[in-house]
Amino acid sequence: MGGRRRWATVVALCIAVAIAVCGCGTITTEPTVRSTTEARAPKTSKVQGVPGSVELAAIAPGTADLMARIRATDPCSLLNREFAERLGTFQGFDRSPGAERGGGWTGCGLIIAANDAPDASYLVNVELDKVYTSDKRVGDTAEQVNGRIVFRGIGNDDARPDASSCDYRIPVEDTGFAHGLTISKVSGPTKAPVPWSKPCQFTKDYLAATIDNLMALRARPTEPGPRSLVQRDPCAAEPQISTQFPGWEMSSVGWTKAYKCAITLVQTGGTHRSTVEVSFEQSSEQMVKAGEILRLPSGLDGGQSIQYARHMTLDGLTGIEIRSVQSTDPTRQNTSCGLTLNYRRADPPTANNAHLVRVSLNLTPATPPFPFDACTQAAQIAPTVIESIR
C-alpha cells in the first residue's frame, strides 16, 4: 500500500476520577474514563475486508452510516418479546446504562421471570454497536442463521455442565462492528449465574426469530424534548469545529460508538496532531474533587503526566474539567483535556440518567512547544457542540 495510504494511529487517555458528593446530595461512585481514538482516513483506495483494529473500523466505509442508523432506532423495539416469553413471564425492559449498553441508548434488555426455577430470571440483552474487528473473531465459531454468517463467542458451549449463558455476534457488513446478543440465566440481585441446559441452542433459535428485524434497524420517530441527547449526532458540528483550528488540516472523522466520534487534525507545517473526541452519554451527574487526582509515568526522562480536576460552568451547564500536564514542561501547558457537561440533570438527583456532553482534546506528541493549551481549546469547542444540538 505504501504511500497510497496514510493510516491511523491510536492515542488513549484513561483517567480515573475520585467522585465526590455534590451540594444537592448526589453521591456517585462511578469512575470517569477518558479515551481518545485518533484515526487518519486513507486518501485514495478504500479499506478492503474486515478491519483488524478499532481505529480502522472507525473510518471503514459504511461505519458512519451504520452509526446514524443505530441512533435512529429504538433497540428495545428490535427484541422478540413473544419468543423470549417461552422461557417465562415478561417482567420489563432494561434500559439501564452500562458498558454493555452503549450508555443506555444503543442497547436494551428483556427481563423474563423463569418458569422452571424459583427466584431465577432470564436476561435477553442486545447491543447494537459492538466493536468486532477481525482480530476479535479469533476463536469464535462461525455459524449460519437465516442465511447470514454469525459468530458464537469462544467458550460458549452447551456441553459445559456450568453453562448458564450464550453470546452471539452478528457482523454488519465489513465495518468491523456487530450487533451483540446475549441470553443468560441468573438469580438474585447479584445476578449470579444459574446452570441452564442448552443456552446456545435457545439463543440461536431466538436469533433466527429476531435477526431480520435486528439487521433492519427500522427508524423510530424522533424523541420529543429539547434537552435529550437521544438520536443527536455528536459530530454535527464538525465543520465548525475544524474552522477553530486555523492553519490545520482536517484528516478524518472516525466513529468508535454510535454516540462517540473523533475528529483528527494535522498541523500544517508543524509536528503536532490534535484529536477532538465528542461523545454523548447517559450516566450520573459528574462531580469531582478539585485538585491533583493522578500521576502517571511519561517518557523515558523520568517525567510524569499530572492530572488535575476542577468543577466548572460553561455555556450555562455545570460539569467538570480534567487536564493533564507534563512535569518536564516549564510552561505547564496541558496536552490533554476532557470536559464533561451535564446537559440534562439526573432525575432523581441520585439516578444514572443524566445526559452528558463530553468533549476531549489530545495533542501528540506530548512535547513542547505546544501550539495551544488543550483545555483552552476544548473550552472554545464545547459551546460549538452544544449549539449544534439545541
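Buried denotes a relative accessible area under 20%, exposed over 50%, and partly exposed in between, computed with a 1.4 Å probe on protein chains only. The model is predicted: local features require pLDDT of at least 70, side-chain atom pairs count only at pLDDT 80 or more, and totals for chains, interfaces and linings use all residues. Residues are numbered from 1 along each chain as its sequence is written, and side-chain values use heavy atoms, with hydrogens and water left out.

**Figure 1. Overview of the chain.** The secondary structure comprises six helices and 16 strands; helices (H or I, at least four residues) and strands (E, at least two) are DSSP runs numbered from the N terminus. Of the 390 residues in the chain, 53% are buried.

**Figure 2. The buried side of helix α2.** Within α2 (residues 63-72), the residues Thr63, Leu66, Met67, Ile70 and Arg71 are buried. They lie on the same side of α2, because they cover an arc of only 135° around the axis, the arc being that of the directions from the helix axis to the C-beta atoms. An α-helix has 3.6 residues a turn, so residues three or four places apart point the same way. The cover over the buried residues of α2 includes α1 (54-58), β3 (120-131), β7 (177-187) and β9 (248-257), where contact means heavy atoms within 4.5 Å.

Figure 3. Strands β12 (residues 291-297) and β13 (residues 304-314) run antiparallel and are joined by six bridges; two strands pair if DSSP finds at least two bridges between them. Leu294 stands opposite Gln307 in β13. Ten bridges connect β13 to the antiparallel strand β14 (residues 317-326), with Ile322 of β14 as the bridge partner of Ala309. The hairpin of β13 and β14 has two residues between the strands, and Asp315 takes a positive phi near 55° there.

**Figure 4. The disulfide of Cys166 and Cys200.** The whole structure contains four disulfides, each a pair of cysteine sulfur atoms within 2.5 Å. The sulfur atoms of Cys166 and Cys200 are 2.0 Å apart, and the link is right-handed, with 95° about the S-S bond. Cys166 lies in strand β6 (residues 165-171) and Cys200 in helix α4 (residues 199-216), so the pair ties together parts 34 residues apart in sequence.

**Figure 5. The disulfide of Cys337 and Cys375.** The two sulfur atoms are 2.0 Å apart in the disulfide of Cys337 and Cys375. Cys337 is buried, with a relative accessible area of 0%, and Cys375 counts as buried at 1% relative accessibility.
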